[in-house]
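Subject: Structure handover

Hi,

Please find the structure below. My notes on the interface and the helix packing follow it.

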Amino acid sequence: MTRVPERPGGRGAEPLAYSISDRRHLTPAEVLSDTRVLAGRQLRKVLRRPMYVVFLFIQPVLFVLLFRYVFGGAINTGHLSYVNYLMPGIIVMTATFGSMTTGLGLTEDMAGGVVDRLRSLPISHAAILIGRTAADMVTNLVTLVVMIGIGLLVGFRPSQPIYDFILAVLLTLAFAYVFSWISAWVGLASKNPETAQSVGFIWVFPLVFASSAFTPTTHMVAPVKAFANVNPITLLTNAARDLMVGGHSATAPALWALVWMVGLLLLFVPLAVRQLRRA
Amino acid sequence: MSELAVEVNGLKRSFGDVHALNGLHLEIKPGIVFGLLGPNGAGKTTLVRVLSTLLQPSAGSARVLGHDVVADQLAVRRRIGLAGQFAAVDNELTGRENLIMVARLSRLSAKEAARRATESLERYSLADVADRRASTYSGGMRRRLDLAAGLIASPPLVLLDEPTTGLDPRSRQELWDAIAALQREGTTVLLTTQYLEEVDRLAERIAVIDQGRIVAQGTPSELKDAVGQSTVSVQLTNAADQDAALAALSQHGIAVGAVDIQRPSLDDVFLELTGHKAEEPVLEQA
């Protein structure tokens with residue numbers, strides 16, 4: 001290319017296709033439209049990199065095999081078979097780890113300059129994060145469905161009504177959405193993808209393992225047990241387990257899990273948006 | 001238009017102990033290509049980031065087409081296009097998808113976004129690769145796509161932060177052609193660069209930035225004239241004329257094979273204006 005064709009009459013001759021608005025704030029319809037465009041972009045990217053989704057399964061599948069066939073026999077779960085005890089925990093773990101991709105993706109976008117480009121456009125900063133987290137929720141739903149399928153293959157047998165089961169999946173998905181915002185904040189606060197890779201995951205490990213996801217908390221040492229019993233992942237896992245395979249009433253743990261979710265969302269949405277403004 | 005495209009007063013921005021912008025004043029009239037020339041770490045990128053509302057100033061003020069970059073961010077963002085050395089394009093998306101996304105987020109309708117994307121791809125010689133992923137593009141193609149994205153909504157002010165840094169000569173020429181076309185169409189362009197040749201070719205006015213301040217301003221010729229004498233080297237057709245050449249040149253017509261006029265280089269300009277060399281490492285902020 002050595003020659004740039006000009007439009008007939010040049011730019012001055014073509015009227016702007018839109019007039020520049022002078023409203024100081026965006027309308028909710030505009031924010032919604034931006035969110036849709038940005039979520040669409042993210043989902044399209046995921047579809048183009050199917051391996052990326054496959055990687056999301058590898059770790060949970062290994063955990064299923066390890067706990068189902070290696071450690072499981074040694075873990076006493078009372079009246080529940082271990083596979084029925086394990087799978088709700090695995091599903092919660094998969095969702096939690098899946099939500100960590102939000103932060104990783106954002107650091108990637110930051111390093112590539114895409115975040116700067118988006119921030120220089122007349123859109124709401126919140127829409128950038130709402131679009132991203134919404135798209136990640138869709139990806140998460142797909143991974144959850146696959147993990148449930150894998151659970152059924154290794155002997156997981158849900159015993160509760162289907163609507164209870166669906167409620168458990170929705171609760172887990174909502175929880176993952178909340179964790180996406182925490183992950184977004186961590187990712188935006190860490191300045192490079194390498195840091196995000198390590199820091200981004202470290203904080204979820206104690207939450208996932210010092211919980212009732214793999215073993216009952218009863219036999220944990222006292223301080224760990226105290227932590228595990230208030231850990232939102234324990235509460236969510238207990239609720240999901242009760243809704244899937246029965247045992248206790250799911251009401252109390254589900255309500256406490258919801259309290260956690262609302263609290264974390266109220267804290268981390270503003271934190272993440274503020275961090276994006278500074279990015 | 002009487003209002004200034006860019007009006008910067010006493011702008012400061014520090015990163016810890018580093019004063020990236022240190023009381024910078026700048027005025028840019030609308031409709032011109034304005035070249036901001038400076039070495040790494042002089043504050044070029046920081047200025048562009050403040051003007052595009054990506055970064056808050058520590059002190060001072062900046063207005064873009066009459067709108068304050070702090071108080072009126074949305075109004076500023078509606079009026080600017082940003083492109084630069086990092087080519088902020090989505091690798092997994094095609095060139096067309098990248099442009100449509102930016103157009104949609106600039107509040108163009110889906111139909112208009114698609115129309116403009118096609119037109120831009122044509123204009124920037126990307127039509128052949130429009131539906132290939134940007135990850136398959138060459139460096140020059142990525143920059144052109146980035147530029148096209150910055151321009152898709154026809155913003156009245158375009159901020160180009162070192163758009164040709166790291167490009168091969170041919171890609172650089174292509175980008176220069178694109179910038180020259182913008183100028184013919186009356187778009188205001190703020191172009192930052194480390195290359196004197198670039199602003200010399202493209203810019204009507206140049207400001208030299210060093211350590212967060214503007215140290216000189218003027219037309220390209222004015223700046224270079226302020227620095228010193230040009231060098232004229234003459235290549236003679238007959239070597240035997242050599243001795244007579246200098247004396248004769250002033251009065252008689254001597255057969256001359258080539259004349260090369262060497263104007264002051266970027267290094268000369270810098271050395272003269274700032275007292276230090278352009279390449280001298282200065283702390284660079286992100």
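How many residues does the contact take from chain B, and how many from chain A? Chain B gives 55 residues and chain A gives 45, where contact means heavy atoms within 4.5 Å.

Some ground rules before the rest. This is a predicted model, with local features needing pLDDT of at least 70, side-chain atom pairs counted only at pLDDT 80 or more, and totals for chains, interfaces and linings using all residues. Residues are numbered from 1 along each chain as its sequence is written, chains are lettered from A and ligands numbered from 1 in the order in which they are written, and side-chain values use heavy atoms, with hydrogens and water left out.

**Interface**

The two chains bury about 4600 Å² between them, 50% of it on carbon and sulfur atoms. Buried area here is the accessible area (1.4 Å probe) that two parts lose on being put together, summed over both. Three residues, Arg78(B), Leu105(B) and Arg107(B), supply 17% of the area that chain B buries against chain A, more than any other three.

Ten salt bridges link chain B and chain A. A salt bridge is a side-chain nitrogen of Lys or Arg within 4 Å of a carboxyl oxygen of Asp or Glu. Over all chains the count is 24. Lys45(A) pairs with Asp90(B) at 2.7 Å, N to O. Glu30(A) pairs with Arg107(B), their closest N and O atoms being 3.6 Å apart. Glu30(A) sits in helix H2 (residues 28-48) of chain A and Arg107(B) in the loop between helix H3 (95-105) and helix H4 (110-123) of chain B, so this pair joins two chains.

Helices (H or I, at least four residues) are DSSP runs, numbered from the N terminus. Axes are lines fitted to C-alpha atoms over the stretch in contact, and angles run from 0 to 180 degrees between N-to-C directions. Angles under 35 degrees count as roughly parallel, over 145 as roughly antiparallel, 65 to 115 as roughly perpendicular and the rest as oblique.

H4(A) (residues 82-99) packs on H8(A) (residues 162-189) at about 30 degrees, axes 8 Å apart. That makes the two roughly parallel. Their crossing is right-handed, meaning that the near helix is turned clockwise from the far one by less than a right angle. Among the residues in contact are Ile91(A) and Val92(A) of H4(A) and Phe175(A) and Phe179(A) of H8(A). By class, this contact has six nonpolar, five polar and no charged residues. Ala, Val, Leu, Ile, Met, Phe, Trp, Tyr, Cys and Pro count as nonpolar, Asp, Glu, Lys and Arg as charged, and the others, Gly among them, as polar.

H5(A) (residues 101-111) and H9(A) (residues 193-202) pack at about 165 degrees, axes 9 Å apart. They are therefore roughly antiparallel. This crossing is right-handed. Leu104(A), Thr107(A) and Ala111(A) of H5(A) meet Pro193(A), Ala196(A), Gln197(A) and Phe201(A) of H9(A). Five of these residues are nonpolar, two polar and none charged.

H7(A) (residues 125-153) and H13(A) (residues 251-278) cross at roughly 120 degrees, their axes coming within 9 Å. That makes H7(A) oblique to H13(A).

Best wishes
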